[in-house]
Every structure is written in C-alpha cells, then in structure tokens.
Amino acid sequence: MVKRREEPIGGKRGSLMNVFKKLRIALALLLTVALLTVGAPVALGATEDQVEEVRELLEQYHLSKPNDDELTDKEMEDMVDSLHDPYTQYFDEDQWESFNSSLEQTFVGVGIVMIEDQGVVYVEDVIPGSPAEAAGVQPGDVLAGADGKSFKGKSSSEIQKELRGAEGTVVGLSVTRGGKALKFKLTRKSVQIPVVTTKMLDKGVGYLSLSGFTLEAGKEFKQQLSKLEKNGLTSLVLDLRDNGGGYVNAAQDIAGSFVEKGVLAHMRDREGVDEPLDISGTSKPYSVVVLVNGNSASASELLSGALQDYGVAKLVGTKTYGKGVVQSLIPVKSGGMLKVTIQEYYTPTGRKVDKVGLTPDLVVNGVAEQLIGAYRLAGGKKLSVTSGKGVLTVNGVRMAQPGAAWKENTVWYVNLKLAATVIGAKLSYNSKNHTYTLAKGDQVQTIKTTDSRLKMKDGRSNIDVRLLKKWFSGFTYSAGGDTIKLIAS
C-alpha cells in the first residue's frame with residue numbers, strides 16, 4: 001500500500017482568551033475536513049454548568065431546533081451525539097487550540113512531507129520556511145534515520161512518529177541523496193503549511209492551488225493571482241482538491257475576484273429564512289477551470305458552486321464531498337468553545353449541496369490525469385511529465401503518484417491510463433477480444449493484453465514507452481537513472 005502523510009498537527013498558538021478576541025460570536029465557519037477527522041472528540045470531564053450552558057445554546061441555535069426532551073443526556077458527549085450532527089462539537093481549551101491550528105494549517109514539526117514507494121520512504125516535499133528547508137533537506141532524499149536509529153524497514157507512519165516532538169526540541173535527521181549519506185540537525189518549530197501556491201504551466205496558462213480557507217486566504221489569494229496576471233495570465237487552473245474548507249468570508253472574498261455582482265450562496269436558517277451572501281467584485285477576461293475531488297468540501301463547494309452557476313468556471317475532477325451546512329463558533333461562558341450548525345446553504349441557482357456534492361462538468365479520475373485534463377481545457381498545449389521516487393511532476397506541479405512509471409532492466413513502462421492522458425488519446429477496452437485501443441484523431445492503435453509489451457503491476461496495465469513513441473507523433477521521452485520524462489505536444 002502506498003501512503004502519503006504530512007506531519008501531525010500540534011503546538012499551541014496562545015491562550016484561549018486571546019483566540020476569543022480574534023473571533024466574533026456569530027462567525028460563520030465551514031468545517032475543515034482536510035486536516036481534521038470528522039467528529040473530533042469532545043471533552044469528557046465537562047462540569048455541570050458547562051453541560052447546562054451548552055444545552056441552552058444548542059436549543060437556541062442548532063439547525064434542527066432541539067428541545068429539552070431531546071437533550072436529556074447528562075454527559076456532554078452523549079448530549080452532542082444525540083443530535084446526529086458530526087459538525088457540532090464542544091471543545092475544551094486544548095481541543096480548541098488544536099482545532100484552530102488545523103484550521104489555520106499550522107503544526108509543530110520539521111516541515112517535510114513523506115512518500116512511500118516500493119518500501120522506500122522519500123521526502124516528497126519540503127514546506128517553505130520550515131527547519132528542513134533551512135537545513136537543506138530536499139525532495140527526493142531517502143529518509144535513512146533519526147538520532148542514530150535506522151529507518152530501515154519502517155513505514156512512513158512509523159517514521160512520522162520518530163520525527164514528532166515538542167517545539168524547540170532537536171532531532172538529528174539522516175538522509176541519503178544520490179548514494180551519499182547526509183546528516184541534519186533540525187529544531188522543531190511551528191510551521192505554516194502554504195495556503196496558496198502558484199505556477200505558470202505554459203505560456204498564459206496559470207495554476208493556483210488553494211489548500212484552505214484560512215483567515216488570510218482571501219488576501220493571499222488576491223496577491224498571488226495578481227502576480228500571475230502580471231506574468232501574462234490568459235487562463236487559470238484553480239486547484240481546490242483536498243481543500244476541506246474554512247471561513248465563509250474567505251470564500252466570499254475570493255469569489256469577488258471573479259464575480260462582479262451576485263451571491264455566493266443562499267443561507268437558510270432553522271426557520272427557513274434565506275440570508276443571501278452577497279458578492280461584490282470584478283469579472284475577469286480569462287477562462288477559469290476549477291479542480292475538485294471527493295475531499296473538496298464546505299467552503300470549496302461554496303466557491304466552486306457559485307463559479308459554476310455563474311458560468312465563470314468549469315469544474316474538472318470527481319464529485320465533491322457534499323458538506324452544505326454552516327457552523328458558528330460560540331464561546332461558552334463557563335469554559336470552552338461550541339461549534340454549532342446553524343444554517344444550510346444552497347448555490348446561487350438553488351442547488352442543494354449537503355450530502356449531495358457538486359458534479360464536475362468534466363469527470364476525470366486520477367490525480368495527474370485531472371490536472372492534465374484541466375490544463376488542456378484551459379488551453380494548454382505542451383506537456384512535460386516527469387516520474388521518479390514516487391513523485392510525478394506535471395509542468396512543474398509536484399504530486400504523489402508512486403508506480404506511475406517503472407523500469408525493468410533497461411525498459412521503461414508507463415501506466416497505460418496515464419500514458420493515454422499524456423498523449424491525449426482516448427483509451428478503451430474490448431472485453432471480448434481482450435484488447436486495449438488508443439485513439440487520437442486518425443492515429444488508432446490496438447494492443448492485446450497478452451502482448452509482452454504490456455505488463456500488469458499492482459493490478460494496473462503498463463505499456464512499453466518505446467511503443468508509444470513509435471505509435472504517436474508528437475510524443476517522445478527521455479530517461480536517466482530512476483527518472484523518466486514524457487513530452488507531448
């Protein structure tokens with residue numbers, strides 16, 4: 001099994017009272033699912049006063065309009081669970097600080113993202129501004145050990161545990177790079193996961209990835225979008241995959257970058273009253289393609305649904321998560337914080353999102369395949385895909401995709417589905433004749449499953465890359481060491 005992990009959330013960000021000062025009681029919040037499991041634990045040791053106050057708040061604000069007869073449990077956990085709402089939660093001080101850290105995408109660690117491929121754990125990426133980046137750790141490094149202990153035979157989750165620790169503590173990390181052993185002393189600290197990253201995929205085609213709707217997401221989004229525009233942006237690929245949401249006002253602010261006048265969504269409370277969220281901004285002269293998947297939730301769906309309804313953007317990927325309810329954060333006077341569901345939202349045209357999700361205009365499976373599909377829909381032509389050490393890079397955008405290409409002796413094999421996407425060919429399978437067909441315009445090629453140039457690995461079909469070069473004009477490749485580059489135009 002291939003596993004991709006980021007270092008865990010941790011660390012403190014100031015006292016609970018200081019956090020309260022930053023938030024208004026009625027702050028509308030959409031649950032973050034990318035960095036937090038749904039249904040986080042509630043405090044088991046709540047006092048009688050806290051239980052009673054939370055009971056009153058639930059009766060006053062919760063979307064389902066519960067009453068005393070329904071909230072009869074004396075234990076906080078049982079009372080909240082009786083609502084059958086995974087998004088309503090009570091946090092004590094430690095739990096709230098952990099949740100807020102996840103919402104703002106901060107954690108304590110050394111700042112590396114790991115990828116496991118064929119029993120080897122590599123550094124997939126290094127987070128900017130982290131101890132790992134400052135020390136010189138690089139993507140592609142093999143994680144060899146820490147504090148004199150070897151990582152040989154350990155999984156990425158086991159290595160993750162070894163690298164955990166309190167802020168300010170030191171870990172001695174050993175890696176190998178190009179066969180050479182290297183050692184780094186890293187002091188763990190609070191690390192901010194980048195909220196916005198950008199790249200020019202091709203002349204005029206820009207890429208912007210938004211990982212969460214944090215308090216500063218709107219501001220950062222506009223700054224980075226402006227930089228892309230100054231570089232000659234003529235179309236934009238906006239990546240909201242695995243973005244679990246965040247603050248409503250951040251989504252509202254970002255929507256104003258594309259919609260001159262309208263509504264982000266219709267918010268309906270427990271009385272059925274509709275409270276539209278207005279958008280006031282500007283339109284763009286270029287096309288927008290939004291990447292979504294099953295982990296695109298809450299604020300991601302709020303923004304995507306509005307852009308799709310207004311015809312501003314086409315959605316590419318798979319159906320979204322389907323979280324269409326809104327929470328408010330309410331400080332509990334007797335201690336703690338209550339996150340309670342208060343509204344359900346619908347898209348500008350009235351589409352229901354909760355437990356339904358959004359259906360893309362172009363349904364595409366596969367991480368790399370989705371990006372390539374969005375890139376071409378945005379007008380992109382030249383494509384460069386590099387595979388090695390569990391990582392796939394598409395026109396400079398890195399992603400985890402182990403096994404996308406592999407070498408047997410001197411022959412390279414590429415995942416057939418990925419190869420077809422790179423070439424721009426339609427892939428079909430004939431179960432009667434046991435053949436695959438790749439068709440691109442008048443170039444149509446067929447191969448039997450028994451052909452020696454087609455190999456199965458981990459349940460997937462892979463094709464000899466030399467055959468692809470022979471079959472399709474405009475496709476070529478180059479290989480060196482444990483890396484192969486595929487080029488298509």
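Predicted model: local features only at pLDDT ≥ 70, side-chain atom pairs only at ≥ 80, totals over all residues.

A residue counts as buried under 20% relative accessible area, as exposed over 50%, and as partly exposed in between (1.4 Å probe, protein chains only). Residues are numbered from 1 along each chain as its sequence is written, and side-chain values use heavy atoms, with hydrogens and water left out.

**Whole chain**

- The chain holds 12 helices and 33 strands; helices (H or I, at least four residues) and strands (E, at least two) are DSSP runs, numbered from the N terminus.
- Its radius of gyration is 25 Å, close to the 23 Å that the globule rule gives for 489 residues, so the chain is as compact as a globular protein of that length. The radius is taken over C-alpha atoms, and the rule is 2.2 Å times the number of residues to the power 0.38.
- Along the principal axes, the C-alpha atoms fill a box of roughly 75 × 60 × 50 Å.
- Of the contacts (heavy atoms within 4.5 Å) with a separation of 6 or more, 67% join residues 24 or more positions apart.

**Domains**

- The domain assignment gives domain 1 (23-104), domain 2 (108-192), domain 3 (196-325 + 346-368) and domain 4 (382-488); such bounds come from an automatic or database assignment.
- Between the C-alpha centres of domain 2 and domain 3 the distance is 34 Å.

**Helix 7**

- Helix 7 (residues 217-230) has 14 residues and should span 20 Å at 1.5 Å a residue, which agrees with the 20 Å between its end C-alpha atoms. The expected span is 1.5 Å times one less than the number of residues.
- Ala217, Gly218, Phe221, Gln224, Leu225 and Leu228 are buried in helix 7. They cover an arc of only 140° around the axis, which puts them on the same side of the helix; the arc is that of the directions from the helix axis to the C-beta atoms.
- These buried residues pack against strand 12 (196-202), strand 13 (205-210), strand 14 (235-239) and helix 8 (248-255).
- Lys219 and Lys230 are exposed on the other side of helix 7.

**Thr214**

- Thr214 sits in the loop between strand 13 and helix 7 and is buried, with a relative accessible area of 2%.
- Not counting residues up to four places away in sequence, Thr214 touches Leu103, Glu104, Gln105, Val195, Tyr247 and Ala250.
- Ser102 is 112 residues from Thr214 along the chain, yet their C-alpha atoms are separated by 9.7 Å.
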